[in-house]
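Subject: Structure for your files

Hello,

Here is the structure I said I would pass on.

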Amino acid sequence: MSQSLESRASLSERGHRIFDMVRKFAHGAEEFEISLVSTAGEYLRFGNNELGQSQFAKSRTLSVRVASGRKQARTTTSRLDESFVRKTVEKAVAQLRTSPEDPDYLSMLGHQTYQTVNRYHSRTMEESAETKAGYVGKAIELAKKNKLLASGVLGTSMDEGLILNTAGLESYYRGTGGNFSLTMDADNGNQTGFALSTFADISELDPEKLSETTLERAKLNRAQSEVSPGKFDVVVDPYAWSEMLFFFIVSASAGFSPDFGMRQYKEGRSYLSGRLGEKILGENVSLDDDVYHPLQVGPPFDGEGYPKSKLSLVENGVLQSLASSRISAHRYKDAHPTGHELPLPNPLGESPVNLVIRGKGLSKTTEELVGELDKGLLITRLWYIREVEPRTKTLTGMTRDGTFLVESGEVKRPVRNLRFNQSLLELLSHVERFTEPVRNTTFGGPAMLQPGILAKDFNFSSVSPF
């Protein structure tokens with residue numbers, strides 16, 4: 001039996017056994033649901049040209065939702081032996097008795113049919129630690145030859161999930177992923193270069209290209225000069241702005257509430273409220289939520305097991321639609337479920353989690369975008385991002401690990417890091433060219449396929465002391 005079949009059977013069999021346990025203990029609940037999530041990952045961490053840690057981590061988490069009448073409650077445990085399952089269920093039932101009635105409560109979903117997505121790549125999990133350590137070792141050797149220090153992480157992981165409920169729902173998903181982040185530096189961290197690659201199948205990874213890109217940027221980023229802050233035309237590398245784009249779809253000022261959901265929109269909690277049909281971005285920018293895109297990750301169902309639909313959220317700069325759910329369809333006559341509910345009970349509202357930024361026109365490489373820049377800056381990384389003004393999506397942050405002055409399509413010299421204050425809506429209205437999109441890596445947030453860009457008038461407010 002293949003490892004993939006064994007893994008699915010293992011989680012499914014374990015889930016059904018736990019489901020039967022929950023049935024024994026869920027006295028007083030008319031309906032119940034279990035969500036069983038398993039994660040496994042291997043991480044090679046290195047610094048100062050030495051492999052510092054090889055870590056393998058595995059965890060399983062059980063979440064139990066119980067309901068009676070219009071009341072519901074949810075509890076979670078990471079211990080799956082029967083005594084802890086019993087305590088978890090009894091705690092949920094106790095909470096259920098004292099919970100207020102939920103006017104939006106809907107009976108649990110029955111059996112659903114899902115479009116197939118193939119997100120599991122056995123080689124990603126089966127690649128030997130020696131091979132992965134070899135990738136790291138070659139990066140370290142390259143850094144040593146050039147009198148630089150290499151540091152970073154090469155990680156591979158698998159996510160697996162199962163939802164079962166008393167109405168007959170059974171939803172299963174498994175997928176793999178990984179990333180290789182690499183920094184090379186010298187002069188006590190004052191001369192750095194950075195590059196990142198993400199993958200679902202480790203055969204997609206080109207560690208030599210990643211190492212060469214990092215090395216080239218580190219060698220260029222020496223003896224930075226200072227430029228006066230102001231508005232610059234910029235080329236932003238596709239991996240440079242993952243943190244920045246996170247705030248395009250989430251409002252920090254509202255407790256990191258997602259913005260593209262129907263309930264948030266109707267309740268006035270989103271910066272998009274009242275703007276359907278309005279032009280919010282440039283005419284050459286579109287935004288989809290598409291779990292079925294070949295580069296996307298995650299299951300084809302939402303937090304309650306409803307099948308996901310592909311959505312055109314922004315088309316040619318115009319806000320066209322919103323993520324919705326059964327609850328919104330119950331509340332609002334103009335809403336229908338799209339499969340974007342979070343695990344229930346959910347006070348936040350719906351959230352698109354498989355975003356794809358599409359740029360109109362032929363795609364370019366980052367190098368080709370630099371070649372089209374008359375005068376401006378090449379940005380290889382943005383960090384320490386914070387939201388300043390949620391309505392305009394104005395953010396502040398700094399450049400890092402290589403900011404370069406470009407003149408007549410050529411990189412001329414490195415410059416000191418700069419702090420920016422920039423509206424994302426304005427930035428995405430000033431884009432002239434795009435690269436092919438790549439997967440982002442936003443600290444557990446929604447998966448986004450994002451391009452690099454050539455854009456006008458990026459606002460830098462000051463020179464950074466770091």
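Confidence

This is a predicted model. The average pLDDT over the protein is 94, and 97% of the residues score at least 70. Residues 1–6 have a pLDDT below 50, and in the model this stretch makes six contacts beyond near neighbours in sequence.

If you want a pair to look for, threonine 39 has aspartate 159 in β4 as its bridge partner.

The mixed sheet

A further open sheet is built from six strands in the order β12-β11-β10-β13-β22-β21, and here the pairing is mixed. β12 (318–319) and β21 (438–439) are the edge strands, each pairing on one side only. Strands β10 (residues 285–289) and β11 (residues 311–315) run antiparallel and are joined by three bridges. In that pair, leucine 287 is opposite valine 314 of β11. Helix α6 (residues 242–249) packs on this sheet, where it touches β10, β13 and β22 (447–450). The angle between the directions of α6 and β22 is about 115°.

How enclosed is α6 by the rest of the structure? Seven of its eight residues are buried, so the helix is largely enclosed. The buried residues are Ser242, Met244, Leu245, Phe246, Phe247, Phe248 and Ile249.

Salt bridges

Side chains of opposite charge can pair when their charged atoms come close. In this model the count is 28 salt bridges. A few of them are described here.

Glutamate 226 pairs with arginine 416, with 3.4 Å between the closest N and O atoms. This pair links distant parts of the chain, 190 residues apart: glutamate 226 lies in the loop between α5 (207–220) and β7 (230–236), and arginine 416 in the loop between β18 (410–414) and β19 (418–423). Glutamate 226 counts as exposed because its relative accessibility is 54%, and the cut-off for exposed is over 50%. Arginine 416, with a relative accessible area of 31%, is partly exposed.

Glutamate 341 forms a salt bridge with arginine 263, and their closest N and O atoms are 3.3 Å apart. These two also link distant parts of the chain, being 78 residues apart, with glutamate 341 in the loop between α8 and β13 and arginine 263 in helix α7 (residues 262–266). Both glutamate 341 and arginine 263 are buried.

Glutamate 410 and lysine 412 meet through their side chains in a salt bridge, at 3.5 Å from N to O. Glutamate 410 is partly exposed at 48% relative accessible area, and lysine 412 is partly exposed at 46%. There is also a network in which Asp104, Glu267, Arg269 and Arg331 are joined by salt bridges that share partners.

Backbone details

Most residues other than glycine have a negative phi, and most peptide bonds are trans.

- The peptide bond from leucine 344 to proline 345 is cis, and its omega is near -5°. Proline 345 sits in the loop between α8 (326–331) and β13 (354–359).
- Asparagine 48 is not a glycine, yet its phi is positive, at about 55°. Asparagine 48 is in the loop between β1 (31–47) and β2 (50–68), and it is exposed, with a relative accessible area of 56%.
- Lysine 393, also a residue other than glycine, has a positive phi near 55°. Lysine 393 is in the loop between β15 (382–389) and β16 (394–399).

Is lysine 393 buried or exposed? Lysine 393 counts as buried because its relative accessibility is 0%, where buried means under 20%.

Regards

How values were computed: Residues are numbered from 1 along each chain as its sequence is written. This is a predicted model: local features need pLDDT of at least 70, side-chain atom pairs count only at pLDDT 80 or more; totals for chains, interfaces and linings use all residues. Side-chain values use heavy atoms; hydrogens and water are left out. Helices (H or I, at least four residues) and strands (E, at least two) are DSSP runs, numbered from the N terminus. Buried means under 20% relative accessible area, exposed over 50%, partly exposed in between (1.4 Å probe, protein chains only). Two strands pair if DSSP finds at least two bridges between them. Contact means heavy atoms within 4.5 Å. Axes are lines fitted to C-alpha atoms, for helices over the stretch in contact, and angles run from 0 to 180 degrees between N-to-C directions. pLDDT is the predictor's confidence in each residue, from 0 to 100. A salt bridge is a side-chain nitrogen of Lys or Arg within 4 Å of a carboxyl oxygen of Asp or Glu.
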